[in-house]
Amino acid sequence: MSRQITSLLAIAAVAVSLATPASATAKEEVDCTQVKCIALTFDDGPSKYAGQLLDTLKKEKVKATFFLEGQYVKSRPAFAKRMADEGHELGNHSYKHPNFTELESWAIRSEIQKTQDVIKAATGVEPKLLRPPYGLTSITSSEIAGEFGMPQILWTAGSKDWSSKNEEAIKAQVLEVAEANGIILMHDWVKQTVDVMPKIITLLKKRGYTLVTVSEVIKQYDIQPGDTFPLPDGWER
C-alpha cells in the first residue's frame with residue numbers, strides 16, 4: 001500500500017471519529033441530584049399499542065421504564081426487544097399479574113422466574129427491578145425479590161389512566177402529581193395514555209423536568225435488593 005493511500009485512510013478515520021456524536025458512543029449520564037428528574041413507568045405490557053408509544057418516545061428522545069408481564073412478552077416479543085434495543089429499562093411485573101400477597105412463596109418465585117426467563121429470551125436483557133402486581137407487597141415478597149437480586153419499585157403517584165381512560169384527565173393528573181424524582185404509574189394498554197403522551201412529554205419538559213428511567217431516579221438512594229421504594233405506608237426501612 002502506498003504512503004499516499006495510507007495517509008488518506010488515516011485522514012478518513014480521523015474525520016469519521018470527529019463526525020461521530022458523543023451520544024452515539026456513550027450514554028449521557030443524568031445526575032438527578034442536580035436536575036429535576038421524573039420517571040414515566042408503564043405497566044402490564046407490551047400491549048398492542050406499544051409500537052405507537054415507542055415511536056413517540058423515540059421522537060421525543062425520552063427513555064422510560066416498562067414493567068412487563070411475562071405472558072405479553074411471550075405473545076409480543078418484538079415489542080419487548082424494541083424496548084431494550086432503544087434503551088428503555090425493562091422491569092419484571094410477574095407473568096400473569098396475580099396478587100402476590102395471596103400467593104405462597106413458591107408461586108411468587110415461579111411468577112418472577114418465568115418472567116425473567118421470557119424477557120431474557122426475547123431481549124437478551126435480565127430485568128433488575130420488580131414491580132409487584134397492583135403494587136401490593138409483603139415482607140415475604142420483599143425477601144423473595146431480594147433472592148432475585150431486585151428491589152421492589154412502586155410509584156410516587158399514578159396517572160389513574162386505567163380508571164378515567166380520558167386524554168385530558170390523564171394529562172391533568174400527571175401534571176398535578178409530577179414532582180422531582182417522581183415515579184409515575186401509567187399503562188401502555190390504555191390507548192388514551194398512548195395518544196396523549198406527546199402532549200404530556202412536551203408539558204413536563206416545559207416545566208423543567210428531565211425524563212429518565214427508574215434506575216436513574218433511585219441511583220441517589222441506597223436501594224438494595226429486597227428493598228421496596230417508595231416505602232408503603234406504615235413500613236420502615
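**View 1. Surroundings of tyrosine 221 in the predicted model.** Tyrosine 221 touches Asn181 and Phe229, residues up to four places away in sequence not being counted. In this predicted model, the residue sits in the loop that runs between helix H11 (214–218) and strand S8 (228–229). With a relative accessible area of 31%, tyrosine 221 is partly exposed. Its contact Phe229 is listed, together with Cys32, Val214 and Val217, among the members of a core of 14 residues that lies apart from the largest one.

**View 2. The disulfide between cysteine 32 and cysteine 37.** One disulfide is counted in the model, and it joins cysteine 32 to cysteine 37 with an S to S distance of 2.2 Å. The torsion about this S-S bond is about -90°, so the disulfide is left-handed. Cysteine 32 has a relative accessible area of 6% and is therefore buried, and cysteine 37, at 0% relative accessibility, counts as buried too.

**View 3. The largest nonpolar core.** This core holds 37 residues, of which Phe66, Met186 and Leu204 touch the most other members. At least two residues each are supplied by strands S1 (37–45), S2 (65–68) and S6 (182–187), and by helices H3 (50–60), H5 (77–85), H6 (105–123), H9 (167–177) and H10 (191–206). Helix H10 gives the largest share, six residues. In soluble globular proteins, nonpolar side chains tend to be buried together.

**View 4. Contacts of phenylalanine 66.** Leaving aside residues up to four places away in sequence, phenylalanine 66 touches Phe42, Leu53, Leu54, Leu57, Met83 and Leu90, and its contacts also include His88, Glu89, Gly91 and Asp188.

**View 5. Confidence along the chain.** The chain averages a pLDDT of 89, and 86% of the residues score at least 70. Over residues 1–26, however, pLDDT stays under 50, and for this stretch the model has three contacts beyond four places in sequence. Where pLDDT is low, the predicted coordinates should not be read in detail.

Note on methods
Residues numbered from 1 in each chain as written. Predicted model: local features only at pLDDT ≥ 70, side-chain atom pairs only at ≥ 80, totals over all residues. Heavy atoms only, no water. Core = buried A, V, L, I, M, F, W, Y, C linked by side-chain atoms within 4.5 Å. Buried < 20%, exposed > 50% of the residue type's maximum accessible area, 1.4 Å probe, protein only. Helix = DSSP H or I, 4+ residues; strand = E, 2+ residues; numbered from the N terminus. Contact = heavy atoms within 4.5 Å. Disulfide = S-S within 2.5 Å. pLDDT = per-residue confidence, 0-100.
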